[in-house]
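Student: I would like to learn how to read a protein model feature by feature. Could you take me through one?

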Amino acid sequence: MLPSLAQAPALRFDTLTWDFGTVAEAGGRVTHRFGFANRSGRPVVVTDAVATCGCTVPVYSKRPVLPGERSEIAVTFDPMNRPGRFDKAVSVFTSESGDPIRLRITGRVTPRERSVEELYPCDLGGGLRAAATSHAFGYVRHAQPQRSAIGLVNVSSEPIELTLRYGRRSGRLTASVPARLAAGERASFDFGYDLPAGCGVYGTLEDEIGLSVDGAPVADWIVVSGIAVDNPLLYSDNSAPKAEISENIVKFGPVKRSSGPSTKWISLRNTGECPLTVRAVESRVFGCTLRPGVRIAAGGEAQVGIRLTPSDCEYGVAVERIRIVTDDPERPMLTVRATAVIEQ
């Protein structure tokens, strides 16, 4: 909530808000000057003015404003690359005690026409450009198919033939692409995951999809990822398991590479009303004693060992996020950040 003028009795602003209305993105910066007067009997200095965003710049004088004198704070907004509604604030600090005075600017930016390079920033080669080279689905729940697409365009003056090729594969991704794009034609690379109920697939899904233009592979892979988890509809009422970890960060500190393995223990608790099942555990650098299939009764807990074998690590900082996937419908994935400094 904006403070009332009574909260800043020394400086009285003509207005605390300004609506620019509709602003063209390509029309350049717009400025409003917030005028104010010193209604007190003593000089007042504007010591600082801080905007909530780099697109908004306040300009002011630090010269003392004498009693009865007027001054202003110019607030400039840059609409470039910011289409849509905007609502920005500027906090004005003065030599008077008390909370800052809040100025606010609002409006709507009408978008400019984007170039092909802006709409499709990834140059894959062979005349083919893409809107992105990665997509993360987040949770991919069983029996809830996830689909998406990445835009493609042929910027060459000739038609091109497209085919798919694969790098790393989860075996669960389906993908398709038009076999042919005419010169200047736009299309999309369509892909998605569909995990049937009871398929038993949990944890990280990651796929690398490559495109070939006229039989020649392009340089960049398109990486698609997600986390396979249970369908939350398995629980029809408020009775459900609830996973909580006792510590999210495990620090081994400095460790000699020649020293033997060591283990630090944390707890995985089930604070829900149904048994909790561990679906997947993912770690590479650090070991983890927890295994898929472990069941924890309602109100129970399991001890989880995070294991470090220094001889398996390179010198320097070792960091890993260990993923634990359970059938908790609200928060199916927990992460534990394990760190160590491997010394000679």
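Student: Let's start with one residue. Leaving aside neighbours within four places in sequence, which residues is Ser212 in contact with?

Tutor: This is a predicted model, so every contact belongs to the prediction. Once the neighbours within four places in sequence are set aside, Ser212 touches Glu161, Leu162, Thr163, Arg165, Pro217 and Val218. As for its place in the fold, Ser212 belongs to strand S17, residues 203-213.

Student: Is Ser212 buried or exposed?

Tutor: The idea is to compare the relative accessible area with a cut-off: under 20% means buried. Ser212 has 7% relative accessibility, so it counts as buried.

Student: Arg165 was among those contacts of Ser212. What does the charged end of Arg165 sit over?

Tutor: Here you look for a charge placed over a ring. The charged end of Arg165 sits over the ring of Trp221, 4.5 Å from the ring centre. There is another arrangement of this kind to look at: Arg169 lies over the face of Tyr166, at 3.8 Å from the ring centre.

Student: Now for rings with rings. How many aromatic pairs does the structure hold?

Tutor: There are 7 aromatic pairs. To read one, take the distance between centres and the angle between planes. For Phe20 and Phe86, the centres are 6.4 Å apart and the planes stand at 40 degrees, so this pair is tilted. Phe20 lies in strand S2 and Phe86 in strand S7 (residues 84-94), so the pair ties together parts 66 residues apart in sequence.

Student: And which arrangement do the rings of Phe77 and Phe86 have?

Tutor: Planes under 30 degrees apart count as stacked. The rings of Phe77 and Phe86 have centres 4.0 Å apart and planes at 15 degrees, so they are stacked. Both Phe77 and Phe86 are buried, Phe86 with 4% relative accessibility. Phe20 is buried as well, with a relative accessible area of 16%.

Student: Which residues do ring pairs link into a cluster?

Tutor: That cluster is made up of Phe137, Phe189, Phe191 and Tyr193.

Student: Let's go on to sheets. What is the strand order of the open sheet with 4 strands?

Tutor: The order here is S2-S8-S7-S4, and the pairing is mixed. Its edge strands are S2 (17-24) and S4 (46-51), each of which pairs on one side only. From one strand to the next, the twist averages 20 degrees. Within this sheet, S2 and S8 (residues 101-110) pair in the parallel sense over 6 bridges, and Thr17 has Arg104 in S8 as its bridge partner.

Student: What about the open sheet of 5 strands: which way do they pair?

Tutor: The pairing is antiparallel, in the order S9-S10-S12-S16-S14. Strands S9 (122-125) and S14 (173-176) are at the edges, each pairing on one side only. The average twist from one strand to the next is 25 degrees. Inside the sheet, S12 (residues 146-154) and S16 (residues 186-193) pair over 8 bridges in the antiparallel sense. There, Ser148 has Phe191 in S16 as its bridge partner.

Student: Last, confidence. Where does pLDDT stay under 50?

Tutor: Look at the chain as a whole, then at its stretches. The mean pLDDT is 93, and 96% of the residues reach 70 or more. Over residues 1-8, pLDDT stays under 50, and the model has 10 contacts beyond four places in sequence for that stretch.

How values were computed. Residues are numbered from 1 along each chain as its sequence is written. This is a predicted model: local features need pLDDT of at least 70, side-chain atom pairs count only at pLDDT 80 or more; totals for chains, interfaces and linings use all residues. Side-chain values use heavy atoms; hydrogens and water are left out. pLDDT is the predictor's confidence in each residue, from 0 to 100. Contact means heavy atoms within 4.5 Å. Two strands pair if DSSP finds at least two bridges between them. Helices (H or I, at least four residues) and strands (E, at least two) are DSSP runs, numbered from the N terminus. Axes are lines fitted to C-alpha atoms, for helices over the stretch in contact, and angles run from 0 to 180 degrees between N-to-C directions. Rings of Phe, Tyr and Trp (its six-membered ring) pair if their centres lie within 6.5 Å; planes under 30 degrees apart count as stacked, over 60 as edge-to-face and the rest as tilted. Buried means under 20% relative accessible area, exposed over 50%, partly exposed in between (1.4 Å probe, protein chains only). A charge sits over a ring if NZ of Lys or CZ of Arg is within 6 Å of the ring centre and within 35 degrees of the ring normal.
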